[in-house]
Amino acid sequence: MSQQTTMLEATSLRKSFGKRGQIQHVLKGIDFRVMEGEFVGIMGPSGAGKTTLLNVLATIDRTTEGSIKINGTDISSMNDRKLSQFRRDQLGFIFQDYNLLDTLTVKENILLPISVGNVKRVVAEDRFKSIARTLGIPELANKYPGEISGGQKQRTSAARALINEPSIVFADEPTGALDSKSAASLLGTLAKVNDERDVTIMMVTHDPVASSYCNRVVFLKDGTIYSELYRGDQTRQQFFQEILKVQGILGGDSVDAL
Amino acid sequence: MTLFDLVVRSMRKNLKHYYLYFFALILSVVLYFVFASLQHDSTVLERTESSFTMASGFKAAGILLLFISGVFVLYANSIFLKRRSREVGLYQLIGLSKFTVTRMLVTENFLLGTGALAIGIGIGLLVSRVFLLLLMKLVGIDGVLTLSFSGAAILQTVIVFVALLALTSLQMAFAVKRSTLLELFKVDQSGERIKKPKTIVSTIFGILGILLIGFGYWLSGHMLNSLLFFNMIVVLVSVILGTYLLFRVTIGWMLYQIRSSKKGHLGLSNSLSLAPLMHRIKANANSLTIITVLSAMTLTMLAAAYSTYYSTEKETRLLQPFDYMIDGDATIADQFTKSLDDAGIAYHASTIEGIELAGTYEKKLNPLFSDRDTTVRIVSERQLSEAGLQIEVKDSQSGVILDAPTYWIVKSAKVPLNLTLEPKRFNKNISIERFAEGNAFNMVEFASTLVVKDEKFQAIKSEYKAVEETQLNDAIVINLINKSDFEEATALYNDIESVSKRFDFYTEYRKTLQSSGMLIFIAGFLGLVFLISTGSILYFKQMTEAEQEKASYRTLRQLGFSGQEIMKGVIKKQVFVFGLPLAIGLLHSIFALKSASFIFMSDVTVPTVIAMSVYIGIYLVFAFLTVGYYRKTVQAAL
């Protein structure tokens, strides 16, 4: 795997919430880097700052301090309009609760991100077909979200995240609302997409099974990076055991599992 | 903590849910109270009691107002209940019985209700003076404002709204009773599953909707026959049914066709307009139909009333072409002119000779309504023009008929048309070149006037003088030089004691102005209430939809769509939601006015356009408010 180019680079990120006198520091100086084609998992107990980190990196929220570069572009100084444009062109999102539009069919949902812009209809159709095939949902194209299962919804959501051929896909607890079988199947697909299409993925999860599909897992604790694990040549099972070990030291997952 | 404490607490916490319902309640109270105070105002009572139509008009308006306020408040309450269903569910989940929850809601309702009643009456007291002033101005009374604190109006308002509160409480009790916990938590996600329309059935019904409306429009232009009343009912039913089908089937079918033609490449703005519209087409069909029909009704009512008011002077002039007229009695005319001289009022008097003769048209003027036999009063074109009324006659063989009361029936008659005058042995024929609008004399009796060239008139006069059937009639007409002398001159005119028939423009004008002023006031008031109700209903509905779609907006913002891009789609939806009922309502009302145009003798395009523009202007305010609300929602979504 070619991991020379840096896809995402965060330098001394800080994020705090609240007003003066009652400030809560959530991210306390994080230096972090994701290479092109990596599948990175972010783990950590509740309140460690996982989701905040994801939101900040994904340009949904702003940092208090520090800089973020995605695919060579510094996003920390961009205004809202530019950020929106950037998200649409460069990023993909998968959310825990799918966030599909109930009024749109699966196909319409998937094509939504490239509906405004200069992607030609023929190209869009081709991309849709190829992604739907990869994710195993071509026969659902004309169904509404209300008519399909949770796992199928999350596949749709993943397809939507990939349709604009993003530099990086952010996934926030993508398996949080799925049963273990659907979760495994989705993660397998994500790993496949990562491998075959060379898509960079960053996934926040509290589930060690989910993170065992990653190339690398970063552990957060109290707003700082606690440790990192590389899968290397280990099998998924071995990697899973490693993750469990670190998690055991970190503790607090039982609370998170709620 | 007592139940009452809980109620107060939840109300304080949920202000944003309440203000909508509270606002609707206050608004209804204010409008109803204003109307009630006018009803009980002595000045208004004086005017209305003298006229049966005005009194009954006021009464009917009161009932209509009551009905509309009732529907509006019930509707607002149902939206309010829907928005709070999660809360109601939660109370039940933690173990409050349905009865307790109901009691809580009812307590709240009465707290809200009494608050709204007090505030509404307070505001009503302030604004009713303005409305009274407006009414006085419209009917042309410059009196002193007498509106006093009306206990009766307050009592009436209180009774009506306590009854309404009881009704809404019942509505709440039913809603709680019927609800299941599961439903209560699912309300937000409600929406219809979009099914592929059954092509044949929906095509048939879709086309039927358009056909029904078209048929209604067509019939409305052809209903002046012996089945008038029946026709009116048929027109109403077919147009309303057609409108419903249009919203329920036709538009859904069209949207479906557009959407399937996109093959999934819907685009952002369609995703935010077309898709959610289709999602709620069933639920929206009823309210859009009601709003369309109400808009059409209001527009028609407003335009008709305003046209009446606007053309009062013109229409009165058509009926009373001269300021004063004294029919056949020269001594009385002298008496009047003398008193005018004494008062120093400048005038112009002239005499119009007339010969009254029976006659027969060569064929019926209108196949359904008229007779071939008639009586005409023949006058000279020259004398009429000297008196101040210009009626052009082509040549000495022709004549022009004026008869305001039957003008709308005979105006469609084919001309030229021969009229043979009695007695037949004279073989006197006049070719009628046209039927002109208005009267040639101040409403004398129901006889048509036939205007001919002066030489023709003199010839007829000399020829017929000897004939015993001939009745000669001279009318003395007086026009004031200075129209500001009207009041004084009319007083003098009315002072003359005489049994002879008298007709003057000014008295008639004042009378008409009063009734048409009252008409436009009532129509305007009701129109405003309708407009505010329909506008608010649309606004409330859209508010609820905006809340439901908040999650979608959030997702879209996260996916990288800017607020402006999202708003484009939202505005497209609003154009549909607000524009379609308005456009169809306008179309309906235009046809309704066209079919009723016979009640106006003058052209009413200008007042109609004015009335409709005002309506559209106020209506659009609600559309802008709605878009503003969406904008806020979209901005706050991320």
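Reader: What makes the contact of the side chains of B:Lys338 and B:Asp342 a salt bridge?

Author: A salt bridge needs a side-chain nitrogen of Lys or Arg within 4 Å of a carboxyl oxygen of Asp or Glu. In this predicted model, N and O of B:Lys338 and B:Asp342 are 3.7 Å apart, so the pair counts as a salt bridge. Both residues lie in helix H15 (residues 330–343) of chain B, four residues apart. Helices are DSSP runs of H or I of at least four residues, numbered from the N terminus.

Reader: Are B:Lys338 and B:Asp342 buried or exposed?

Author: Both are exposed. That means over 50% relative accessible area; buried means under 20%, and partly exposed lies in between (1.4 Å probe, protein chains only).

Reader: Which residue forms a salt bridge with A:Arg88?

Author: B:Glu565 does, with the closest N and O atoms 2.7 Å apart. The pair crosses between chains, from helix H2 (residues 80–90) of chain A to helix H22 (residues 563–595) of chain B. Both A:Arg88 and B:Glu565 are buried.

Reader: What makes B:Glu545 and B:Lys573 a salt bridge?

Author: Their closest N and O atoms are 2.9 Å apart, so they pass the limit of 4 Å. The pair links helix H20 (residues 505–548) with helix H22 of chain B, 28 residues apart. Shared partners join B:Arg280, B:Glu545, B:Glu549 and B:Lys573 into one network.

Reader: How are residues numbered and values taken?

Author: Residues count from 1 along each chain as its sequence is written, and chains are lettered from A and ligands numbered from 1 in the order written. Side-chain values use heavy atoms, without hydrogens and water; local features need pLDDT of at least 70, side-chain atom pairs 80 or more, while totals for chains, interfaces and linings use all residues.

Key. Helices (H or I, at least four residues) and strands (E, at least two) are DSSP runs, numbered from the N terminus.
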